[in-house]
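Have the sequence and the 3D view ready side by side. This report walks through the model part by part.

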Amino acid sequence: MPSAQPDLEQPFAELGLKPDEYERIKEILGRRPTSSELAMYSVMWSEHCSYKSSKVHLRQFGEKAPKTDALLVGIGENAGVVDIGQGWAVTFKVESHNHPSYVEPYQGAATGVGGIVRDIISMGARPLAIMDPLRFGAANAPDTHRVLPGVIAGVGGYGNCLGLPNIGGELVFDESYAGNPLVNALCVGSMRHEDIHLASAKGVGNLVVLYGARTGGDGIGGVSVLASETFDADGPAKRPSVQVGDPFMEKLLIEATLEVLHAGLVEGIQDLGGAGISCATSELASNGEGGMHVWLDRVPLRDASLSPEEILMSESQERMCAIVTPGHIDAFMEICAKWDVEAVVIGEVTDTGKLVVQWHGEEIVNVPPRTVAHEGPVYERPYHRPSWQDALQANEPTASVIPRPESGEQLKETLLQLIGSPNLASKTWVTSQYDRYVLGNTVLAQPEDTGMIRIDEETGLGVAIATDCNARFTKLDPYNGAKLALAESYRNVSVSGAIPLAVTNCLNFGSPEDPEVMWQFAEATRGLADGCLELGVPVTGGNVSFYNQTGETAILPTPVVGVLGVIDDVERRTPMAWNKDSDGELIYVLGDTSDEFGGSEWAHIHGHLGGMPPKVDLQREKLLSEILVAASRDGMITAAHDISDGGFAIAIAEMAMRAGTGARLWIPDNIEPFIFLYAESTGRAVVVIPRSEELRFTEMCAARGLPAERVGVVDSGLGVDSGFPGEQVIVMGDYFTLTLEQLRETHEATLPAIFNS
Amino acid sequence: MARVVVNVMLKPEILDPQGRAVQGALGRLGLTGVTDVRQGKQFVIDLDGELDAHRSATLDKLAGELLSNPVIEDFTLTVSD
């Protein structure tokens with residue numbers, strides 16, 4: 001047994017452990033931990049790996065899970081698996097890489113993509129596409145200028161090298177993210193039902209194989225030091241060595257992993273992410289027979305001077321761990337060699353109930369793996385409603401707080417202001433750096449409401465995914481804000497004609513040690529769990545990122561929600577915009593519009609955040625979804641677009657710009673034009689209907705009780721009469737006329753003007 | 001006239017995928033015994049007049065902020081005439 005110098009103070013605090021956590025380790029072991037054990041516990045018990053502050057709240061996702069047959073693998077594994085029919089299953093998950101991306105934007109974002117891709121392959125699925133929900137500080141802030149280009153290049157660089165399309169995501173600017181950008185990455189993969197694999201080390205005597213890149217000093221302590229402590233206001237003081245990704249190695253790892261899985265050579269598999277070998281060995285052992293013996297000196301190193309503690313904690317990228325029977329090991333090694341992937345047997349599965357690690361003949365770790373991986377500390381952090389919450393909610397953006405536009409000219413200016421504001425401006429500057437169509441299965445990608453990919457080339461079976469969160473809504477009302485994020489994501493999937501099936505989430509919040517932040521978290525998780533139950537879509541997994549704050553200031557609570565839907569045949573998808581043959585087709589608004597501006601884009605561009613977010617009615621969302629899916633299936637609609645950020649006027653402008661054809665619109669008599677154009681009431685969509693289908697469609701809406709109002713017609717010939725001969729124009733009743741050219745110029749100039757300088 | 005040469009290299013602990021790829025290619029193309037390859041970049045900066053203390057300090061600062069990424073790279077700065 002390793003004997004240390006008993007008088008020497010152990011640096012548990014520097015490793016991020018609290019005194020009582022350190023005491024608990026001593027209690028579990030009945031002695032002082034060795035330095036290697038301390039390293040292991042410290043990374044595995046960090047907030048990032050142990051979910052110690054969030055666990056008690058996340059339980060609701062399981063407890064309130066709706067009954068569904070769609071879920072083949074639930075929460076707790078590397079990623080959840082959803083049955084989409086025809087023998088196919090998909091797995092998808094979103095994770096955060098916020099703090100590393102602030103320190104080193106390019107590599108932080110790149111390794112974020114790499115990490116989530118490995119989660120998907122460790123389930124046995126082939127990765128198909130990536131999405132990236134991103135949040136930055138104010139667009140014109142110097143820090144955003146430093147961080148954003150690197151993050152975009154990192155996401156694009158890694159994904160493009162892997163040959164995976166990036167089919168969407170979000171790009172949101174808000175001051176609260178200054179110094180703490182959010183870089184979330186989502187990956188979706190597909191597999192046949194029989195190919196699902198789980199992370200467990202079964203079968204005594206089976207071998208533990210580490211394969212992929214060599215281990216170096218990357219991100220040592222990154223997990224506990226980086227992800228679980230707040231940045232000081234004066235910049236990134238702590239700089240452990242940054243993880244550097246190698247996408248070409250990852251590509252080899254994908255191919256080698258899928259080949260060994262399909263050949264049936266693997267009993268259990270786990271990717272190496274945060275906490276590296278510590279995490280993989282303890283989780284595999286804990287999920288399997290309960291014991292494992294590891295010869296740590298067999299780990300291939302990039303830097304021979306690494307200490308065993310560092311090897312245990314290293315976050316070197318592009319590594320995987322597999323459990324292989326002795327009979328299969330030669331075949332396994334052969335496949336790895338074929339792909340030029342280094343593989344080494346580093347250990348053996350045992351039933352001793354102990355994870356034992358040896359270093360050149362000396363035993364340096366001897367712990368029960370469950371205590372490392374699954375029985376870490378659980379905190380019931382105190383929380384309370386912030387004292388300022390009532391005042392915030394009372395501060396509605398009424399006409400007396402922000403003057404509202406009334407005249408046609410003012411309403412037109414408002415549209416131009418909004419469509420050119422960084423949050424609503426064209427994201428082409430970003431998405432043109434990503435490959436959206438590689439692999440040839442991308443059906444819809446940005447700027448569409450949802451990303452859609454074909455899974456089966458024979459039948460046309462496909463999936464659609466959207467991620468959303470208006471964090472201003474969550475700040476105003478965390479419970480309903482989380483439901484609103486879910487509702488928007490659910491709606492975005494539905495407008496494409498796909499049936500929403502499952503949910504993933506990435507919960508980005510400030511410090512859990514702040515009771516007011518903890519309240520936001522508790523409320524948001526409760527809202528999301530209730531919302532998922534009401535909509536009948538289960539949460540399949542996700543990720544929590546705490547400590548997103550600079551100094552005392554926490555970010556807006558940002559529970560990013562991803563919804564996945566299935567479509568039987570991608571041929572019958574509904575695009576967001578009408579097309580060149582749509583002349584004369586009718587434009588309808590579905591749903592109700594009311595005076596709701598709390599947390600809206602309109603309030604945001606006036607520097608206002610207050611009031612209540614729009615009301616959320618999930619039964620209405622469900623109905624809207626069913627109508628949109630039915631209309632898509634029966635070919636009743638040409639286009640459908642979700643109404644959210646910026647309201648109806650923005651939705652119409654986006655559709656017209658995408659279509660390249662103008663439209664004539666009128667504003668219903670019973671509503672104030674400003675409210676009709678810019679309110680962000682939810683449960684709404686714009687649909688475009690061929691005249692021949694109008695009756696059938698409106699009768700369906702009437703029978704189901706969904707309000708549908710005709711508000712316009714697609715018209716390519718409005719230029720001459722409105723004084724813009726030869727141009728495509730939008731005519732908004734008697735209020736204003738705008739050419740698509742004017743809209744485009746404003747919409748597309750914003751991001752290049754800020755980030756190309 | 002002064003000439004300043006700034007060499008920028010990845011810090012030793014940082015993975016260098018390009019260097020690794022070159023190392024692999026060297027081996028495939030017949031060079032035996034290559035144990036490591038690290039790839040960096042070099043800036044050759046010609047200046048009018050003398051390199052006084054102020055300009056030298058500015059250069060040193062910019063080499064750390066503009067020419068290299070202090071998070072993952074080291075630089076060396078040498079002056080030749």
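## Where the chains meet

Across the interface of chain B and chain A, one residue pair is in polar contact, with both residues at pLDDT 80 or more. A polar contact is a pair of N or O atoms within 3.5 Å; within protein, one must be able to donate a hydrogen and the other to accept it, and residues adjacent in sequence count only if both atoms are side-chain atoms. By class, the side of chain B that touches chain A has five nonpolar, one polar and two charged residues. Here Ala, Val, Leu, Ile, Met, Phe, Trp, Tyr, Cys and Pro count as nonpolar, Asp, Glu, Lys and Arg as charged, and the others, Gly among them, as polar. Zero salt bridges are counted between chain B and chain A.

Eight residues of chain B are in contact with 12 residues of chain A; contact means heavy atoms within 4.5 Å. The two chains, B and A, bury about 980 Å² between them, and 64% of it is on carbon and sulfur atoms. Buried area is the accessible area (1.4 Å probe) that two parts lose on being put together, summed over both. E13(B), L15(B) and V71(B) supply 55% of the area that chain B buries against chain A, more than any other three residues.

## How to read the model

This is a predicted model: local features need pLDDT of at least 70, side-chain atom pairs count only at pLDDT 80 or more, and totals for chains, interfaces and linings use all residues. Residues are numbered from 1 along each chain as its sequence is written, chains are lettered from A and ligands numbered from 1 in the order in which they are written, and side-chain values use heavy atoms, with hydrogens and water left out.

## One open sheet of chain A

Seven strands of chain A form an open sheet with mixed pairing, in the order β8-β10-β7-β11-β9-β12-β13. Helices (H or I, at least four residues) and strands (E, at least two) are DSSP runs, numbered from the N terminus. Two strands pair if DSSP finds at least two bridges between them. β8 (268-271) and β13 (362-367) of chain A stand at the edges with a single partner strand each, so one side of each has no neighbour in the sheet. Neighbouring strands of this sheet are turned by 20 degrees against each other on average, direction ignored.

Look inside the sheet. Strands β7 (residues 207-212) and β10 (residues 319-324) of chain A run antiparallel and are joined by six bridges. G212(A) has R319(A) in β10(A) as its bridge partner. Helix α2 (residues 35-44) of chain A packs on the sheet and touches β12 (355-359) and β13 of chain A. The direction of α2 makes about 40 degrees with that of β13(A). Axes are lines fitted to C-alpha atoms, for helices over the stretch in contact, and angles run from 0 to 180 degrees between N-to-C directions.

## Another open sheet of chain A

Here the order is β23-β25-β22-β26-β24-β27-β28 (chain A), again seven strands with mixed pairing. Which strands stand at the edges? They are β23 (639-642) and β28 (736-739) of chain A. β23(A) runs antiparallel to β25 (residues 685-689) of chain A, with four bridges. A639(A) has V688(A) as its bridge partner.

## A salt bridge and some backbone details

The whole structure has 31 salt bridges over all chains. A salt bridge is a side-chain nitrogen of Lys or Arg within 4 Å of a carboxyl oxygen of Asp or Glu. E342(A) forms one with R214(A), the closest N and O atoms being 2.9 Å apart. The two residues are 128 residues apart in the chain.

Most residues other than glycine have a negative phi, and most peptide bonds are trans. E318(A) has a positive phi of about 55 degrees although it is not a glycine. The peptide bond from Q446(A) to P447(A) is cis, with omega near 5 degrees.
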